[in-house]
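The following report is meant to be read with the sequence and the model side by side.

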Protein chains: 4
Amino acid sequence: MGSFQGHALAGTFFLQHMKPSIYTNLQFQRLELFEGMAKAFFALLGMAGEQFVPGGPYLHLYNKDDHKWVMLTTWQHTTMYLFFGIPRGLNPLMNSLALFIEGCLFYFHIMHCSALDQHIHFLLLISVFSIALCYLLEVFIGNHPALELFSVSMFLTQGSWFWQIGFVLYPPWQGPSWDQTDHDNIMFITVCFFWHYAAALLIIAFNYTIIYCCTENISLARNCEVTWLAEKSWLLN
Amino acid sequence: MGSFQGHALAGTFFLQHMKPSIYTNLQFQRLELFEGMAKAFFALLGMAGEQFVPGGPYLHLYNKDDHKWVMLTTWQHTTMYLFFGIPRGLNPLMNSLALFIEGCLFYFHIMHCSALDQHIHFLLLISVFSIALCYLLEVFIGNHPALELFSVSMFLTQGSWFWQIGFVLYPPWQGPSWDQTDHDNIMFITVCFFWHYAAALLIIAFNYTIIYCCTENISLARNCEVTWLAEKSWLLN
Amino acid sequence: MGSFQGHALAGTFFLQHMKPSIYTNLQFQRLELFEGMAKAFFALLGMAGEQFVPGGPYLHLYNKDDHKWVMLTTWQHTTMYLFFGIPRGLNPLMNSLALFIEGCLFYFHIMHCSALDQHIHFLLLISVFSIALCYLLEVFIGNHPALELFSVSMFLTQGSWFWQIGFVLYPPWQGPSWDQTDHDNIMFITVCFFWHYAAALLIIAFNYTIIYCCTENISLARNCEVTWLAEKSWLLN
Amino acid sequence: MGSFQGHALAGTFFLQHMKPSIYTNLQFQRLELFEGMAKAFFALLGMAGEQFVPGGPYLHLYNKDDHKWVMLTTWQHTTMYLFFGIPRGLNPLMNSLALFIEGCLFYFHIMHCSALDQHIHFLLLISVFSIALCYLLEVFIGNHPALELFSVSMFLTQGSWFWQIGFVLYPPWQGPSWDQTDHDNIMFITVCFFWHYAAALLIIAFNYTIIYCCTENISLARNCEVTWLAEKSWLLN
């Protein structure tokens with residue numbers, strides 16, 4: 001994952017993960033199955049991408065010649081994807097566990113990085129543990145609009161933040177990379193995280209408005225249809 | 001905000017923010033709308049005050065000449081006001097988020113200050129995160145007198161504490177400023193914070209007594225009126 | 001409080017504070033009033049003891065001659081007693097606040113002490129914050145046997161631990177004081193804290209058994225009396 | 001416990017501790033009594049093993065000759081076993097306390113160890129405090145499948161992790177021990193902890209499937225029997 005592509009893949013993985021899956025209608029259950037398969041596929045893709053990129057560990061864990069572990073960072077990423085690939089259905093407990101484990105691995109992962117690297121991942125941890133806590137509360141309280149809103153906004157932030165990390169640590173256009181020890185960069189990146197969050201809230205408010213208007217129209221249309229059917233059946237009788 | 005005036009403005013902003021907005025009566029809803037507009041106005045005033053004071057950043061973020069960020073501290077303050085300016089209505093979740101984000105920004109804001117500066121802002125964080133937690137609990141539990149009492153007392157403390165910070169770090173009368181490294185000053189400021197809190201509790205107890213007496217009299221007066229109306233209607237029949 | 005007597009007074013203060021005050025019976029309400037007065041009296045005694053012992057600050061806060069605060073440690077202790085002296089009735093919220101504030105003051109109080117001093121007070125904080133959390137939960141959940149048991153056992157531990165601190169830091173018999181930097185002493189004091197807790201649990205189990213047996217006998221005696229009265233009334237009819 | 005055997009004993013102790021004891025049926029209550037006795041026996045065995053191994057403290061706490069505490073590490077372990085030996089019946093509060101105390105003792109226990117030793121025990125603390133929190137929630141919420149699943153999986157991880165600690169710190173086959181300061185070892189052990197957890201989840205899923213199938217068959221068999229009895233009684237009438 002030590003590349004722009006790796007972070008972009010992870011960001012996309014979490015962005016598509018965000019959608020809450022509460023389908024009461026029968027015709028949506030097929031969609032749900034499809035979604036579960038898509039998630040498992042993305043998790044497998046992540047694991048394979050980590051292991052089999054050129055220069056990856058190719059499933060080797062220990063090098064007996066020089067008594068060293070082989071690319072532990074990659075193995076940590078593989079373990080993260082593993083817990084997201086466990087078939088979880090709609091179980092919020094397993095979602096919560098997967099996120100707590102992702103957070104713990106990240107926490108120990110970044111302990112020996114440079115100051116900027118550590119801080120930018122620490123901000124990521126805010127969103128990771130927030131979503132984990134949301135799912136944990138969902139286990140005991142059940143669906144609650146506040147939990148729903150908060151976890152979706154944090155999922156969006158987590159996804160877009162992975163892209164941000166990629167841009168900061170591995171600038172895709174061969175410009176000069178950021179000064180990793182400049183304290184001003186750390187201060188800017190903190191403010192920037194909350195701008196991502198404000199943008200996530202804005203997107204949700206926009207989506208909500210669109211869907212609200214559409215369903216209004218649909219239910220209006222359906223009401224018309226129902227009225228028309230009722231009138232027709234009245235006429236036939 | 002690096003001035004006495006900036007802290008005094010922030011303190012006043014949070015002091016007027018404190019009032020819980022539970023109006024069941026119709027004639028109070030106009031008051032509520034007025035209050036919401038007052039809040040948004042204060043938030044805009046805060047953002048404008050941060051950006052356009054003489055020597056402020058005037059919305060510039062990055063200086064391309066010397067490759068430096070422009071006045072990041074001010075941008076952090078602007079971001080804080082931004083989340084308080086988002087129209088929130090009565091939603092405790094958005095209040096909670098705005099306060100958590102304020103707290104996080106403060107936390108990363110003070111990491112590189114002197115010991116006294118850091119400590120005096122850390123004490124502020126106690127009140128900020130306390131109120132954030134109160135609002136969060138309100139999302140799930142609903143209105144509870146204990147939450148109400150605790151959050152109002154902490155809002156009062158937060159507001160008066162901003163004034164205290166202004167007096168300590170930027171003494172308005174040109175006397176000698178406090179020794180920022182003396183451990184005794186840190187110890188005194190800790191005790192002082194809880195004196196502010198004790199004063200906040202005293203003010204609430206005083207207000208409660210006044211309002212209790214007044215409403216007693218009003219309900220007494222109304223009871224008299226009701227009795228008089230009942231007697232009159234009885235006479236007329 | 002920097003003496004054996006001071007810690008012994010504080011320990012006794014908290015030991016007599018422990019009793020839960022749930023009296024439904026009318027004849028106990030007089031006892032409750034007496035208890036409230038005893039608590040306020042002890043709090044006042046603590047505050048006076050801190051201020052007016054020989055060599056105390058005698059209510060002086062700032063020395064204008066050498067521009068120094070007067071005996072801030074003593075003022076911290078006075079503030080702690082202040083919050084316990086606020087008339088609280090049975091309000092668990094105010095109990096919780098008093099304990100949280102006691103804990104916070106302790107925390108900032110011990111930051112610059114020797115390792116053993118710091119550790120022995122840190123163990124005290126475990127019991128302080130535990131009780132504060134118990135009272136906070138009581139606000140929302142109400143009386144619960146588990147909360148009752150846990151807070152009483154922690155109150156007992158807190159009280160006896162104050163005596164332990166007195167014995168360790170200010171040995172009353174003029175023997176050699178403990179080596180404050182020896183790591184073995186820190187390890188022993190940690191184990192010792194949990195022995196205090198085990199003893200507290202034992203005392204509660206003992207009291208429970210005694211009271212259980214007594215009330216069994218009383219209800220047995222009352223049942224006999226009721227039976228006898230029933231028989232008598234039957235005979236008289 | 002400073003040996004492979006000690007850690008293996010502790011691991012086995014916690015592995016046999018894991019089973020949730022909810023028996024509604026009468027014939028299981030004898031099993032429960034047996035289980036309680038087994039637990040107390042294991043706790044006593046642990047305490048005796050700590051005190052009376054060759055070179056142990058043999059209940060001596062303080063050596064008056066050289067003014068030193070005798071083998072405090074061993075006394076800490078004895079105290080841990082003590083709280084697990086207190087007869088607790090099914091009380092989740094006492095289970096929670098025993099685990100919190102175990103966690104606290106561990107925390108202070110490892111403060112002066114090498115980096116790897118500290119980290120491997122810190123990972124253990126994750127499982128210890130997780131289970132303690134589960135039991136605490138059980139006090140207020142009651143039995144909940146999510147708590148049950150999480151605490152059992154963490155108990156399994158705790159038990160197997162004790163074995164892992166034994167293998168890492170005291171390799172039973174006289175090979176070279178692990179380099180305690182190599183950062184790669186710390187990174188590997190972190191990933192390894194979550195593999196233990198994934199294995200625990202796998203074991204539970206396997207057991208669940210087996211038990212589900214068995215009880216299906218039993219209830220099928222019982223249904224057949226009931227049908228057969230119903231038919232017989234119908235014939236007899």
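Predicted model: local features only at pLDDT ≥ 70, side-chain atom pairs only at ≥ 80, totals over all residues.

Residues are numbered from 1 along each chain as its sequence is written, chains are lettered from A and ligands numbered from 1 in the order in which they are written, and side-chain values use heavy atoms, with hydrogens and water left out.

**Chain copies**

Chain C is superposed on chain D by a rotation of 90 degrees, with 0.0 Å of shift along the axis and an RMSD of 0.1 Å, where copies are fitted by least squares on the C-alpha atoms of residues with pLDDT of at least 70 in both. The two copies are therefore related as by a four-fold rotation axis. Within chain C, Ile141(C) has the C-alpha nearest that axis, at 7.7 Å from it. A rotation of 90 degrees with 0.0 Å of shift along its axis likewise brings chain D onto chain A, with an RMSD of 0.0 Å. In chain D, the residue that comes closest to the rotation axis is Ile141(D), whose C-alpha lies at 7.8 Å.

**Interfaces**

Contact here means heavy atoms within 4.5 Å, and buried area is the accessible area (1.4 Å probe) that two parts lose on being put together, summed over both. The table sets out two interfaces.

| Interface | Residues in contact | Buried area | Share on carbon and sulfur atoms |
|---|---|---|---|
| chain C with chain D | 23 residues of chain C, 19 residues of chain D | about 2100 Å² | 85% |
| chain D with chain A | 23 residues of chain D, 19 residues of chain A | about 2100 Å² | 85% |

Which residues of chain D supply 27% of the area that it buries against chain A? They are Met187(D), Phe194(D) and Trp195(D), which give more than any other three residues. On the chain C side of the interface between chain C and chain D, which buries about 2100 Å², the residues that lose the most area are Met187(C), Phe194(C) and Trp195(C), together 26% of what that side buries.

In chain A, the axes of H4 (residues 92-109) and H5 (residues 115-141) come within 8 Å and cross at roughly 160 degrees, the axes being lines fitted to C-alpha atoms over the stretch in contact and the angles running from 0 to 180 degrees between N-to-C directions. H4(A) is therefore roughly antiparallel to H5(A), a term for angles over 145 degrees. The crossing of H4(A) past H5(A) is left-handed, meaning that the near helix is turned anticlockwise from the far one by less than a right angle.

Among the H4(A) residues that meet H5(A) are Leu99(A), Phe100(A), Phe106(A) and Tyr107(A), and the H5(A) residues include Leu125(A), Phe129(A), Leu136(A) and Val139(A). By class, the residues of this contact comprise 17 nonpolar, four polar and two charged, where Ala, Val, Leu, Ile, Met, Phe, Trp, Tyr, Cys and Pro count as nonpolar, Asp, Glu, Lys and Arg as charged, and the others, Gly among them, as polar.

In chain C, the axes of H4(C) and H5(C) come within 8 Å and cross at roughly 160 degrees, and the two helices are therefore roughly antiparallel to each other. Their crossing is left-handed, and the contact includes Glu102(C) of H4(C) and Glu138(C) of H5(C).

Methods
Helix = DSSP H or I, 4+ residues; strand = E, 2+ residues; numbered from the N terminus. Parallel < 35°, antiparallel > 145°, perpendicular 65-115°, else oblique.
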